[in-house]
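The paragraphs below are meant to be followed with both in view.

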Amino acid sequence: MDYIENCKEVKSGLLTTKKIFEMIKNQDCISYIAHGTHPLLLGPKLLLKVNTNIGVSDATSIETELTKLRLISQLKYAPDTMMDHTYVPVKKPLWKTMVEEFNGPVGTLPHYSTYSENVGIDKNELLEKIEEMAIGGVSFMTLHPTASVSLFEKAKLKRQVPTTSRGGAVILKDAMLNNRMDNIFVDNFEEILKLFKKYNLTLSIGTTFRPACIGEALDEVQVSEILAQKKYIDAAKSFGVNVMMEGIGHISLDMIPEYCKLIEGHNTPLMPLGPMPTDATVGFDHVTAAIGATAVALLGNVGMINSVTREEHTGGVPTNDAIIEGLKSARVAAHCVNLTRFEKYREFDNTLSKNRAENRSCVIKGGIFMDDSIVENGEGCTRCRYECPLTLLK
């Protein structure tokens, strides 16, 4: 990690290179995603990062996803990472264009593009796909080694919805089609780790059994998977592979501390998934997700959060506006958490407050979504007019 001085925390003056090396040496729940000479560090004592997912679900929609990619990439508040969730064949894989045009680490799920409905996944094709993506510039991949058929059978008996994970469901279906003792990732885990180590890939341990509703949060099935995740995290670390984990799903706010306590000993950064704290906000899941992500990041070992769109439970493919809206919501959550992690990070907010005070107006440009910090309409605004508290008592 001789390129660590290029990380955001060092460049922005939040932490020194020495301090970060000390944190890593002390194993303070830190991991990283390699990206050329600019690694992305992840951990609960570092800046909270944001990931955005796009992907092709219909080959005819590739141009739509490319437009999203280009729109997202040029934003001032662009995500720190992006993942390709494509699961249909396209002439040029989306992840290749993402690597070329997005200025940050790109992630994939290799089983999405190697799964066949009738035959499942071929081992050699999976390993070749992982290597192809690694050589092509992909920096991290999510795998689902905890997709256990026996745990799925238990989930069917005890849950309304056994699993809500697309990646995990693919691995479970492959295991059933091919009568595997465990699953394709478990059966070939050492070979996969060799590839991850060879290409300095970061492994994200996916969650197959995150609950689909808050009423089943932290049930026997989820707790069993949480324990299983540690097994694969420890194995990856022992092999010298960078690792992080996915988790959560739907869970009420009062149960989040218990979840965070359960994963404390995993000692690896968490990327929470799902709108989380309520099942009832269909069409507003970007808001719910931001609330849940903030709560988890304040209490747990969170290194990165996902942007979620309003279409999470509507069945619609997110539009450009929905993608941007979801990204902004995640950025708000990350900013709120980063204020608590770094005193110096508060200077951004303090500057805006100073502008409001000096200009005697709450209507100013600036902030995390605008480019400058100048007065919009002079003193006061059209809402309060002559009763504006910033001008009335001067």
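What follows moves from the overall fold to the pockets and then to the cysteines.

The model is a predicted one, and its protein chain contains 15 helices and 12 strands. The radius of gyration of the chain is 22 Å, close to the 21 Å that the globule rule gives for 394 residues, so the chain is as compact as a globular protein of that length. Along the principal axes, the C-alpha atoms fill a box of roughly 75 × 45 × 45 Å. Of the 394 residues, 52% count as buried, and among the contacts with a separation of 6 or more, 71% are made by residues 24 or more positions apart.

The pockets come next. Rolling a probe the size of a water molecule over the atoms shows where empty space is left. The largest pocket has a volume of about 1100 Å³, and its lining is made up of 40 residues, with N53, H85, Y112, R166 and E312 lying nearest its centre. Four elements, β3 (49–54), α3 (62–73), α7 (166–177) and β11 (270–273), each supply at least two residues of this lining, and the largest share, four residues, comes from β3.

The lining of the second largest pocket consists of 16 nonpolar, 10 polar and seven charged residues.

The cysteines remain to be considered. How many disulfides does the model contain? When a disulfide is taken as a pair of cysteine sulfur atoms within 2.5 Å, the count comes to zero. C7 is in no disulfide, and the nearest cysteine sulfur, that of C29, is 16 Å away; C7 is also buried, with a relative accessible area of 1%. C336 is partly exposed, with a relative accessible area of 38%.

Key. Residues are numbered from 1 along each chain as its sequence is written. This is a predicted model: local features need pLDDT of at least 70, side-chain atom pairs count only at pLDDT 80 or more; totals for chains, interfaces and linings use all residues. Side-chain values use heavy atoms; hydrogens and water are left out. On a 1 Å grid over the protein atoms alone, a cavity is a set of points where a 1.4 Å probe fits but cannot get out, and a pocket is an open set with protein on both sides within 12 Å along at least five of seven lines; lining residues have an atom within 4 Å of a point. Grid points are joined across faces, edges and corners, and a volume is the space filled by probe spheres set on the points. Ala, Val, Leu, Ile, Met, Phe, Trp, Tyr, Cys and Pro count as nonpolar, Asp, Glu, Lys and Arg as charged, and the others, Gly among them, as polar. Buried means under 20% relative accessible area, exposed over 50%, partly exposed in between (1.4 Å probe, protein chains only). The radius of gyration is taken over C-alpha atoms; the globule rule is 2.2 Å times the number of residues to the power 0.38. Contact means heavy atoms within 4.5 Å.
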